[in-house]
Every structure is written in C-alpha cells, then in structure tokens.
Amino acid sequence: MGLNGAYKQLEPLEPRETPPPKRPHGAALFVLLSVLFLLTFLLLLLLHLRAHGGDADVTCGDTCRIVLVESIPEGLAVGTVPGPSTFEAWQELLAGATRSVDIASFYWTLTNADTRTHEPSAEQGEQLLAALQRLPARGVAVRVAVSAPSPSAPLDDLRALERSGAAVRAVDLPRLTGGVLHTKFWLVDGAHLYIGSANMDWRALTQVKELGAAIYNCSCLAKDLGKIFEAYWSLGVPDASIPAPWPDSFSTSINLETPLEMMLNGTEAAVFFSSSPPPLCAAGRTPDLDALLSVIDGAESFVDVAVMSYVVGTEFSRPRRFWPAIDERLRRAVVERGAALRLLAGCWPHSQAAMFPFLRSLAALADNGTRYGVQVRLFLVPSSAAQSRIPFARVSHTKYMVTDKAAYVGTSNWSGDYFERTAGSALVVAQPGPGAGTFRERLRAVFERDWSSRYSVDIGDTRSWAGRCGPRQRRGDPAGGAGFGGQK
C-alpha cells in the first residue's frame, strides 16, 4: 500500500543552457544586477520553502472561527454550557463534508454492541457511525488512523467503516515507541477541524465529561494539523519505521517560536499545534511537552488546569519512574513568579492510586506560612445505579489549561508515558488581551464554572471522595493495577 505521496519531494530544476552574455554597459549592467539579485532572492525563498514544508508565511488570511465544544454527562447539572456539544459539533462537521474526512483516534466503540450494553444514550454514537458510513457513497473520502488493536478495543466499527468504503490504518505504536496512538482529532475538507479529549466512543458523547475545540473555515490551521495526520497515516503500513529525519513534506514553520499569527473570532491570536512523542515530530514541530511547559512558563498571574490524570511519574511503562517535568514547572510558577495555581483532577475508580499523594504534595505548598496560591480539587461525576454499571464512564476526561496569556487544549493525560511514548497532540492559542469573546476567556469561564460547582471537592476533604476515587487496593498491588480504562 502506497503512502499517497507523503514522501514526494520537489524535483530539482534542470538549468537551461544560454549563450554567453555580451559585456554589459551602463543601464544594462544595472538591469543585469537587479535580475541577479531577484533570482538569488527567489532561490533562497525556494530553499526555505523546501526546508519548511511550504509554510514560509506564518500569517493566515482565513476568516477562522473557533468554538469551545463540550460533552456533559447525563445527569450532571453544571449550569451554563457556552458552546455546542461534542455530538452537535461532530454532526455539523459530517453534514457539511464534501471532499474528505480524516480522523486520528485511539479506539472505536460507538455502539451498544461494542460495550455489551443496552443504554439509550448510545444512540448518539450510533447515529455518528451511520453518518460516517454514508460519506463514501456521497463521494467523501474517509480515512481513519487508529491505534493498533488490543483485546480491549473492539474492531466492529472499523470493519463496518471499511465495508462502506473508508480507508483504515492501524498504527503499531507499541512496536514503534512503546505507547499507543492516543490522539483525538478530526480534519474535514482541509478547512475545518476538531481537537480535544473525546474518543470515538458513545460514552464520550453522553456519559463522560469532555472538552475540545472546533475550528471552521481555517485551511491554514487544517493544513498544518494535516501534516500530523499524514505522519500517522504513513506509519500505518506493514513494517513501517519512524523516519529520522522525517521528509520535508512533514515539516512546519508553525511552532512555539513562530506561531501562526491570525484573526480568530475577530481577535488577534497566535496559534500552533504540538505533537508527541518527540520521534513523531518532523522538523519545526514543537513537542507537546515543550508546548505545555511554555504555557506554564508564560503565565504571570494564574494557571488553571483541568486534567483527568496527574501523576508525577510514569503510569504504564515498567519499571515505574519518577517524572517531575510538569510538577516542577508548576511549582516554579507558584514560588518564583507568585502565580496562583488551581488544579482540578478527574476522579473515578480507575484513577491511579499514585495520583493522590502527588496532588496532596502540590496542595501542601499553600501552607499558611508561605502564602503560596495553590488549590487542588477533584471533580466527581455522580452516577445513578444504572449509570454506575456502564463500563469506563462517569469521569471528567478533560485535558486543558488556561492562563492569563494562553489556552492549551490537549489529548494527553499529565504523566510521563503520554509525552515520552504515546502519540498525542495539542492546540495552543495565545490571546493575552482582555475580552469575554476570546477563546481563552471562554475556556477560563468553563473552568470557573466547574471549579465552583458542587461536583468539585478539595483534595484535603478525604471523606468526600474516599471510596470513589482510585481502585480498591489489593495486597501486593500498591498502585491498584492499570488497564485499558486507565488510559483514555
């Protein structure tokens, strides 16, 4: 199976033979020097374009629109929801698709059959799967890059998509990097996109709390995110290997150092996408960990974090290692710059037991003698008797951060494995100015809503969450074990 031109390079132009020029005089010499200068400039520009995959211009003239997208679990009364649901956003993207739909995903469980349940709330996922299956008949090319199959990941949805005419490639990241393809994003018609925490799972629409961003009419951003998808796609062939270096067509000039300067919802913004792990980053691509740390480092007054899992170590690789990269940077922001830190972690039976001592340690910075502004809470999604029987549901699965300078919306939990071995991606939007209409301000309003809700409990209030967060420990298993449900 070919790579669909992913490795195609520009062919060098053959120089034409020309007769020896006559000796120039006066005005003719000026014209000749001007032409030589122009040719030299064009040659340097061509070399720059080839070195950066054609992204020489880091401004965008598109009229780009960004929308905050959420999934609110059934029965969760959080109050104002500023944007459409994940289901509504995905429906809109599919309904408007005319040429192509590319989806990078961890796994697919969009139907009750996948989860062996009989939940009415699975209907939204089943509707989306049916809509995706209809696209090839409409002339829309559908490509899916998905993590390599595992015993816990059903294949029925993917086989149904292939039967409908979609192209599916499984990326064997366990072999290539020791991780999984954990990314969650969509690209539609080379102009629209979604990126966020929601898996291709009916529970991500109705039973799990999710957050992401949908961006419309923005070919400049879609083209750049498309290069990350093409990297996954190229690795989905049998016996693929990670190029070192990646061919020029995968490289970018849109990154932490030179973000895309653009108007986003009519407001000036600087935007880029990051990717993990580093071996999957072509030239110019900012690694996801570097992007995340830069957002923390850029904060002056506050850092608000909402993430399902926060572990100052590795979760899935063995032997387990201490991994303080993010934790150390958060503490530095608090101690050295006086930034106020609020961290809202997810809580469910599959939470890593190691998460809680790390969270308590972070909260301990706010001792009365220090006056450091640190608060740590857990977000508990309530469950009815019926909802509690839905496997791997009823959790806040979001993975975002907002500061006084920027918004970060990612696909990775905050522990070492996700940034060192697992394929993930993130959207970084710098909008330091005030304004209730900016994406950054809307993201902070969502954080404030959840932080102040009755579902948010202080990490020190153990009686409120003990028995609901983390596995029941077994003798000889201090971490409580880890499985498919722990990595979402």
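1. The disulfide of C347 and C469 has a torsion of about -90° about its S-S bond, so this link is left-handed. In this predicted model, the sulfur atoms of C347 and C469 stand 1.7 Å apart. The two cysteines belong to distant parts of the chain, 122 residues apart, with C347 in strand 14 (residues 340-347) and C469 in the segment after helix 14 (462-465). Both C347 and C469 are buried.

2. How many disulfides does the structure hold? There are three disulfides, and when the bonded cysteines are numbered in sequence order their pairing reads 1-4, 2-3, 5-6. A further cysteine, C281, has a relative accessibility of 15%, and therefore counts as buried.

3. The disulfide between C60 and C220 has its sulfur atoms 1.8 Å apart, and with -70° about the S-S bond it is left-handed. Because C60 lies in the loop between helix 1 (27-51) and strand 1 while C220 lies in helix 8 (residues 219-234), the pair ties together parts that are 160 residues apart in sequence. C60 counts as buried at 11% relative accessibility, and C220 is likewise buried, with a relative accessible area of 17%; the cut-off for buried is under 20%.

4. The disulfide of C64 and C218 has its sulfur atoms 2.2 Å apart, and this link is right-handed, with 80° about the S-S bond. C64 sits in the loop between helix 1 and strand 1, and C218 in the loop between strand 9 and helix 8, so this pair ties together parts that are 154 residues apart in sequence. The relative accessible area is 3% for C64, which is buried, and 0% for C218, which is buried as well.

5. Strand 1 covers residues 65-71, and six of its seven residues are buried, so the strand is largely enclosed by the rest of the structure. Strand 1 pairs with strand 9 (residues 210-216) in the antiparallel sense, over seven bridges, and within this pairing I66 stands opposite I215 of strand 9.

6. Helix 8, which carries C220, has 16 residues and reaches 22 Å from its first C-alpha to its last, close to the 22 Å expected at 1.5 Å a residue. Of these 16 residues, 13 are buried, so helix 8 is largely enclosed by the rest of the structure.

7. Which residues touch the most other members of the largest nonpolar core? They are Y232, Y310, I326 and L378, in a core of 105 residues. Helix 8 gives the most to this core, with nine residues. A second, separate core has 34 residues, including V69, I103, L129 and L132.

8. Helix 10 (residues 325-337) has 13 residues and reaches 18 Å from its first C-alpha to its last, close to the 18 Å expected at 1.5 Å a residue. Directly after helix 10 comes G338, whose phi is positive, near 70°.

9. The protein contains 14 helices and 19 strands, and buried residues make up 54% of its 488 residues. Among contacts between residues at least 6 apart in sequence, 79% join residues at least 24 apart. The accessible surface of the protein comes to about 21200 Å², and 56% of that surface belongs to carbon and sulfur atoms.

How values were computed: Residues are numbered from 1 along each chain as its sequence is written. This is a predicted model: local features need pLDDT of at least 70, side-chain atom pairs count only at pLDDT 80 or more; totals for chains, interfaces and linings use all residues. Side-chain values use heavy atoms; hydrogens and water are left out. Buried means under 20% relative accessible area, exposed over 50%, partly exposed in between (1.4 Å probe, protein chains only). Helices (H or I, at least four residues) and strands (E, at least two) are DSSP runs, numbered from the N terminus. Two strands pair if DSSP finds at least two bridges between them. A disulfide is a pair of cysteine sulfur atoms within 2.5 Å. The expected span of a helix is 1.5 Å times one less than its number of residues. Contact means heavy atoms within 4.5 Å. Accessible areas come from the Shrake-Rupley method with a 1.4 Å probe; for residues, only the protein chains shown count as cover. A nonpolar core is a set of buried Ala, Val, Leu, Ile, Met, Phe, Trp, Tyr and Cys residues joined through side-chain atoms within 4.5 Å.
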